[in-house]
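Good morning, colleagues. Please take a moment to look at the model that I am about to show.

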Amino acid sequence: MARSASRTIALVVLVAVLLCSAAAAAGAWRYFHKNPQNPVVRLDEYVTMGWVAWDSSWYMRIAQDGYQYTPGEQSSVAFFPLYPLLIRAVETLGPNVYQAGVLITLLCGPLALVMFTRWARLLADEDTALKAGLLMAMYPFTMYFYGAMYSDALFVLLVVTSFVLLEKGHLVPAVLVAAVATAARPVAPAVVLGLLVRRLEWKHARGEKWTAVDFLPVLSGVGFGCYMLYLWHQFGDPFAFVKVQGAAGWAQTPGWKTWLKVSWFEHVVLNPTDKREAFRLAAHAFFTLLALALVWPTRKLLGWGYAVYVLAIVGLPAWSTKDFMGMGRYLLSSFPVFLTAAMLLRERPRVLQGALAVGAVSLLVLSWAFGADYYIS
């Protein structure tokens, strides 16, 4: 009996977690031993060290000390609360704050990929679902699902689960799960629009009339709204998470320079003084444009609901970033494009194999680089 797509992906992901964790640990070992004065640590500690870098420190501060906001300065309010709340909860069971963050990702990331494959199976055949799962599992920035102390794995798990429930006709549970998801990332409009349009489309395809109940997805933004209420109560500004993006060091102030990507053109095209940075920014821009190019094929193959969701989940951060930095990681949330890509590549097996091979190598390289404290996303 053939193994199901979900089980195959589970095995692939297990191997990916082990290899990427080893690569991240090797990167951490290299970074740690740049200073010969550093103390000797246990071998297993390098794994945790390898998956803790950059924004991980913000989640650590929120989990341990709560939120702080100083207008005009980088502040923790930029990061939504669900992930650090879970870190704090797991800490009560014994692990330290960093171990807790890594454990949450190690649980949510593989589950998100298995759930994605099950979602794909609801819309396509077993073989295509397997190819979609492999494409997502081997996507270079999926290394953030394999242990990195970031919130992406948690968010994607919740959103994919919500759409699985929606496809099975369980509207209320889908909305409840989505409401929790919108407390993890500032992209609630994409989740709300995606669920709403897909629900109406789902009912129409079955020849059923729309009712007031079908508009329940508008409530999936409750998690987002609760965080805004908290910011209003605590700091007197419900939009603090937006305003803080313009702080020195982040410099993502809304305006024409940001919207027209002036900084990107300066660093990549006009005056690329740092070739490593130019390559990094070009790669993030490439994946962003590729995802946007797949919006229309997604509409044709999967329907309006998923096309609207992809357009919003990619368009919102792409519009607000000055140089596309971080977009490679944000695109993990645009999960329907991986199924769309698998459908488009059904008759192009060599292209698919090449994409998977390049992705697998990139996963290991990026995992090592993340552990070695290089700025990846």
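I shall speak about helix packing, then the nonpolar core, and finally a few individual residues.

First, the conventions. This is a predicted model, in which local features need pLDDT of at least 70 and side-chain atom pairs count only at pLDDT 80 or more, while totals for chains, interfaces and linings use all residues. Residues are numbered from 1 along each chain as its sequence is written, and side-chain values use heavy atoms, with hydrogens and water left out. Helices are DSSP runs of H or I with at least four residues, numbered from the N terminus.

Let me begin with helix packing. Two packed helices are described by the angle between their axes and the distance between the axes. Here the axes are lines fitted to C-alpha atoms over the stretch in contact, and angles run from 0 to 180 degrees between N-to-C directions.

The crossing of α1 and α6 is right-handed, a term used if the near helix is turned clockwise from the far one by less than a right angle, with left-handed used if anticlockwise. On the α1 side, A5, T8, I9, V12 and V13 meet E126, A129, L130, G133, L134 and A137 of α6, where contact means heavy atoms within 4.5 Å. By class, this contact of α1 with α6 has eight nonpolar, two polar and one charged residues. In that classification, Ala, Val, Leu, Ile, Met, Phe, Trp, Tyr, Cys and Pro are nonpolar, Asp, Glu, Lys and Arg are charged, and the others, Gly among them, are polar.

Helix α6 also packs on α18, at an angle of about 125 degrees and with the axes 8 Å apart. That makes α6 oblique to α18, and the crossing of this pair is right-handed. From α6 come T128, K131, A132, L135 and M136, and from α18 come F338, L339, A341, A342 and M343. These residues divide into eight nonpolar, one polar and one charged.

How enclosed is α18 itself? Eight of the nine residues of this helix, which spans 336–344, are buried, so α18 is largely enclosed by the rest of the structure. Buried means under 20% relative accessible area, exposed means over 50%, and partly exposed lies in between, with a 1.4 Å probe and protein chains only. The buried residues of α18 are P336, V337, F338, L339, T340, A341, A342 and M343. They pack against α5 (97–123), α6, α14 (275–293), α15 (295–302) and α16 (304–320).

The contact is made by W264, H267 and V268 of α13 and E277, A278, L281, A282 and A285 of α14.

I turn now to the nonpolar core, defined as a set of buried Ala, Val, Leu, Ile, Met, Phe, Trp, Tyr and Cys residues joined through side-chain atoms within 4.5 Å. The largest such core has 120 residues, and those with the most contacts inside it are W119 and Y146. Helix α7, residues 152–167, gives the most to this core, with twelve residues. Leaving aside residues up to four places away in sequence, W119 touches V160, F163, V164, E167, L302, Y306, F335, P336 and L339.

Finally, some individual residues. V97 lies in helix α5 and is buried, with a relative accessible area of 4%. Beyond four places in sequence, V97 touches M60, A63, Q64, I87, E91 and M149. T161, in helix α7, is also buried, at 18%.

Which non-glycine residues have a positive phi? One is A251, at about 50 degrees, in the loop between α11 (240–243) and α12 (256–259). At 38% relative accessibility, A251 counts as partly exposed. Another is F324, with phi near 70 degrees, in the loop between α16 and α17 (327–330). F324 is buried, with a relative accessible area of 11%.

Technical notes
Helices (H or I, at least four residues) and strands (E, at least two) are DSSP runs, numbered from the N terminus. Angles under 35 degrees count as roughly parallel, over 145 as roughly antiparallel, 65 to 115 as roughly perpendicular and the rest as oblique.
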